[in-house]
Amino acid sequence: MDKSWLQQQVLERLAADLLQVEQAVSVAHEAATHEENIAENKYYTLGLEAAYLATGQARRAEAIRQALVQWRLFRPQPYSASQGIQLGALVCLLGADEKQQQIFLGPEGGNMKLLIGAETIQVISSQAPLGKALLGKAEGDEVTLEVAQVKQQLEVLSVT
């Protein structure tokens, strides 16, 4: 699978997410400033609640903008067995349940699932618990991950 193409898919998804969040910011801002939402007493908080929502949505929009910058600057490198798994690796993992999963290790802000044909690729950052556990590993290595006090054993089947 072409990692540059995967990167482009992540960028397109982030751009779509940003558009959606910016529209939500606009709607929340309009609700917060609309004259019908001016508080008539201390119990009427619709305008205040909309302002909080607009602020939260604006922060989310900024986080997506930062992720877009990082993903645009990102240049996935080919896998090097001497360095092990690094940022930009496409990793196939095998779980104890014999299910395989594809992981694309990218920069911050791109945590998502991409559906490519019938295949799902999980995009994670190197700061995610699984991303940290994978760094430096090689084909054939085992990775132990603890999620909600449950240990998971994963085997690295392949890396590109």
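Gly136 counts as partly exposed, at 43% relative accessibility (buried means under 20% relative accessible area, exposed over 50%, and partly exposed in between, with a 1.4 Å probe and protein chains only). Gly136 is located in the loop between helix H3 (129-134) and E5; helices (H or I, at least four residues) and strands (E, at least two) are DSSP runs, numbered from the N terminus. The model is predicted: local features need pLDDT of at least 70 and side-chain atom pairs count only at pLDDT 80 or more, whereas totals for chains, interfaces and linings use all residues. Residues are numbered from 1 along each chain as its sequence is written, and side-chain values use heavy atoms, with hydrogens and water left out.

**Surroundings of Gly136**

- Not counting residues up to four places away in sequence, Gly136 touches Gln83, Gly84, Ile85 and Gln86; contact means heavy atoms within 4.5 Å.
- Ala81 is 55 residues from Gly136 in sequence, and their C-alpha atoms are 9.1 Å apart in space.

**Helix H1**

- Helix H1 covers residues 3-33, and its 31 residues should span 45 Å at 1.5 Å a residue; the end C-alpha atoms are 45 Å apart, which agrees. The expected span of a helix is 1.5 Å times one less than its number of residues.
- The buried residues of H1 are Lys3, Leu6, Gln7, Val10, Leu11, Leu14, Leu18, Val21 and Ala28.
- An α-helix has 3.6 residues a turn, so residues three or four places apart point the same way.
- The cover over the buried residues of H1 includes helix H2 (46-73) and strands E1 (90-95), E2 (100-106), E3 (112-116) and E4 (119-125).

**Helix H2**

- H2 has 28 residues and reaches 41 Å from its first C-alpha to its last, close to the 40 Å expected at 1.5 Å a residue.
- Gly47, Ala50, Ala54, Ala61, Ile64, Ala67, Leu68 and Trp71 are buried in H2, and their cover includes H1, E2 and E4.

**Nonpolar cores**

- The largest nonpolar core has 19 residues, of which Leu6, Val10, Leu14, Trp71, Phe104, Leu114 and Val123 touch the most other members. A nonpolar core is a set of buried Ala, Val, Leu, Ile, Met, Phe, Trp, Tyr and Cys residues joined through side-chain atoms within 4.5 Å.
- H1, H2, E3 and E4 are the elements that give two or more residues to this core, and H1 supplies the largest share, 6 residues.
- Another core, of 16 residues, lies apart from it; Ile85, Ile103, Leu145 and Leu154 are among its members.
- Leaving aside neighbours within four places in sequence, Leu6 is in contact with Met1, Leu90, Phe104, Leu114, Ile116 and Ile121.
- In soluble globular proteins, nonpolar side chains tend to be buried together.

**The sheet**

- An open sheet is formed by 6 strands in the order E3-E4-E2-E1-E6-E5, with mixed pairing; two strands pair if DSSP finds at least two bridges between them.
- E3 and E5 are at the edges with a single partner strand each, so one side of each has no neighbour in the sheet.
- On average, neighbouring strands of this sheet are turned by 35° against each other, direction ignored. Axes are lines fitted to C-alpha atoms, for helices over the stretch in contact, and angles run from 0 to 180 degrees between N-to-C directions.
- E2 and E4 pair in the parallel sense over 5 bridges, and Phe104 stands opposite Val123 in E4.
- H1 packs on the sheet and touches E1, E2, E3 and E4; the direction of H1 makes about 120° with that of E3.

**Gln102 in strand E2**

- Gln102 lies in strand E2 and is buried, with a relative accessible area of 17%.
- The side chains of Gln102 and Glu119 are joined by a polar contact of 3.5 Å. A polar contact is a pair of N or O atoms within 3.5 Å; within protein, one must be able to donate a hydrogen and the other to accept it, and residues adjacent in sequence count only if both atoms are side-chain atoms.

**The E5-E6 hairpin**

- Strands E5 (residues 142-147) and E6 (residues 150-159) run antiparallel and are joined by 6 bridges; Glu155 in E6 is the bridge partner of Glu142.
- The hairpin of E5 and E6 has 2 residues between the strands.
- Ala148 has a positive phi near 55° and counts as exposed at 70% relative accessibility.
- Gln149, in the loop between E5 and E6, has a positive phi near 60° and is exposed, with a relative accessible area of 74%.
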